[in-house]
Amino acid sequence: MHVKNRLRAAAASAVLLLGAAPVAVPQPAAAAAVAARPMESLNRGVVAVRRSGTEVLVTWRLLGLDPAGIGFDVYRSTAGGAAVKLNSEVLTGGTNFVDTTADLTRRNSYYVRPIVDGGWQPASESFLLTAEHAVEPVVRVPLRPGGPIKFVWVGDLDGDGGYDYVVDRQTSPQTIEAYRGDGTFLWSANMGPNSTNQDNIEGGSSVIDVGHWDGVTVYDLDSDGRAEVAVRVANGVTFGDGTRYTAADDTRQAIAILDGRTGAPRATAPVPTDYLADGPMQARLGVGHLDGVTPSLVAYMKNRVGNGAFNLMFTAWKFGGSTLTRQWKFLRGNQDLPDGHNTRIIDVNGDGKDEIAEIGFVLNGDGTLRYSLADEGVVHGDRFHLADMDPSRPGLEGYGVQQDNPSGLREYYYGAANGTMLWQHVEDGVGDVGRGMAGDIDPRFAGMEVWSFSGVYNARTNTRTQATGPWPHLGVFWDGDLGMELFNDGKIEKWDPATGGVARQVTTWNHGAANVGTQYPALIGDILGDWREEVVMPSSDYDELVVFTTDRPTSTRLYTLAHNPAYRNDLTVKGYLQDHHTDYYLGNGMSTPPRPAITYAGG
């Protein structure tokens with residue numbers, strides 16, 4: 001069949017493949033009702049890994065604005081020779097392909113070419129698989145030798161459409177380093193003498209990435225097609241271009257926006273001094289589209305009053321290319337507003353504008369209080385999730401766990417738009433529920449499961465389906481079905497609800513990777529290839545990033561999770577690392593998600 005006829009036939013069927021069953025593609029009318037927000041103009045993110053002695057898995061991105069009928073051809077060049085097309089029929093299913101014919105004793109370069117309405121589009125970038133490459137689901141990114149790494153952020157620093165890396169170095173003083181996606185070093189910033197006190201509650205005024213603080217994030221804040229690095233700074237910080245930040249004293253702090261390519265400061269603005277008398281403020285930074293149209297930097301900041309309570313301040317900022325302007329400031333004061341160890345910036349009510357969520361309250365995008373869960377008995381806790389856990393119920397749901405709640409409340413489930421409590425689990429005594437998870441791990445029940453240490457519950461029905469579940473740590477989409485896999489202490493695992501056991505998918509230390517701290521990766525996110533997620537870890541010598549990327553083929557076709565607004569916002573936030581959720585239900589029995597209401601930044 002001629003390529004144009006084949007593509008017309010594929011488009012006429014109007015399906016995307018989710019698992020093995022095709023489902024109707026909805027039109028983007030609902031998404032068009034809200035403003036389109038600028039997001040990264042990503043390339044195809046082509047990646048190839050050797051999955052066996054004779055097989056290479058090639059995966060690539062389906063972009064958020066790709067037309068429903070788009071197809072792909074896959075090409076391979078061996079040892080620099082002419083490229084050959086590998087597929088006999090245009091690929092309109094999952095955006096991956098298994099190459100079984102490569103001479104793997106030689107270097108092989110792969111790229112894809114999209115086909116729209118029967119016409120070939122420009123070829124993607126290429127990915128090089130070296131000769132005699134190891135059989136492993138890994139991409140290795142070289143780094144300069146240096147100290148321990150806790151966090152990795154991604155953003156397109158140079159505007160080429162691929163993700164680049166920003167890493168911390170947990171030395172004394174601390175540093176931040178930026179690298180291109182291939183490991184080319186760009187710049188380093190020294191956080192100065194005020195980063196040597198690395199106490200996880202009351203650290204120095206420029207300390208980053210201790211406890212549940214970060215103080216750094218990466219995003220294209222002025223929508224010019226290149227990402228900036230935002231960082232909370234203080235006296236003595238030396239930026240990537242060698243310039244030094246100075247302040248009247250070591251307690252006063254500022255927000256700095258650094259050029260992603262050079263590390264030079266493009267704008268700084270002082271942190272409000274409402275709580276200056278109680279010392280410097282620790283920070284979590286994240287990004288959202290609070291007006292639905294332009295990115296805002298959101299800063300969650302706290303310091304301690306003596307040995308007791310904490311001051312809490314939120315601020316939102318806009319970066320216009322050369323100036324950083326504060327949009328608003330919110331002080332908790334004496335209000336009963338429980339916070340936790342992670343912030344989520346997400347559109348909770350579906351109007352296209354993001355809100356700012358804590359474990360026990362939500363702020364509107366203009367900095368006003370939307371609701372508090374304190375009246376429902378919620379206090380401080382370590383972890384919470386916001387996602388479409390129940391696809392039969394309109395909107396998003398929240399699930400959180402509690403630390404030392406005097407009522408015995410352990411975990412709770414609520415409507416995210418207005419804080420309507422849907423169910424709670426209360427047990428005798430006061431307990432610290434340190435972890436809680438949400439994701440579809442049991443295909444026998446509709447919607448997501450939630451679990452901590454009191455059994456696995458089907459969220460929508462509040463039905464306990466298992467007395468004991470998998471360790472509630474982190475999720476990762478890996479094997480290609482629509483259920484969530486799990487990351488725990490350096491292992492990617494698949495839980496079997498029938499037996500209660502787990503099957504090991506990947507053992508990361510077999511590939512030279514090291515946990516961050518006791519059991520964390522530096523990043524989990526969809527940053528390469530198709531919609532499955534990567535696990536980014538430092539090597540044991542901290543001289544490379546070991547990026548685990550799937551080696552499993554799948555027929556499931558989804559646009560890259562990085563073009564989903566809720567998911568991409570959450571990639572900008574660290575705190576205690578938790579899962580990044582989409583704003584649509586992602587799990588077994590899902591419908592094809594609507595086209596996201598986005599545009600591509602940078603023209």
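Reader: Which strand gives the largest share of the lining of the second largest pocket?

Author: Strands here are DSSP runs of E with at least two residues, helices are runs of H or I with at least four, and both are numbered from the N terminus. A pocket is, on a 1 Å grid over the protein atoms alone, an open set of points where a 1.4 Å probe fits, with protein on both sides within 12 Å along at least five of seven lines; lining residues have an atom within 4 Å of a point. In this predicted model, β12 gives the largest share of that lining, five residues. β11 (127–129), β12 (138–142) and β14 (164–169) each bring at least two. The pocket has 29 lining residues, and F127, V139, G181, D182 and L528 are the ones nearest its centre.

Reader: What volume does the second largest pocket have?

Author: A volume is the space filled by probe spheres set on the grid points, which are joined across faces, edges and corners. Here that comes to about 640 Å³.

Reader: And how much space lies in the largest pocket?

Author: About 770 Å³. Its lining has 33 residues, with D347, G350, D583, Y584 and P594 nearest the centre. α2 (29–32) and α3 (565–571) each supply at least two of the lining residues.

Reader: How do the residues of that lining divide by class?

Author: Ala, Val, Leu, Ile, Met, Phe, Trp, Tyr, Cys and Pro count as nonpolar, Asp, Glu, Lys and Arg as charged, and the others, Gly among them, as polar. The largest pocket's lining has 19 nonpolar, seven polar and seven charged residues.

Reader: What is the mean pLDDT of the chain?

Author: pLDDT is the predictor's confidence in each residue, from 0 to 100. The chain's mean is 94, and 94% of its residues reach 70 or more. Residues 1–17 fall below 50, though that stretch has 35 contacts (heavy atoms within 4.5 Å) beyond near neighbours in sequence.

Technical notes: Residues numbered from 1 in each chain as written. Predicted model: local features only at pLDDT ≥ 70, side-chain atom pairs only at ≥ 80, totals over all residues. Heavy atoms only, no water.
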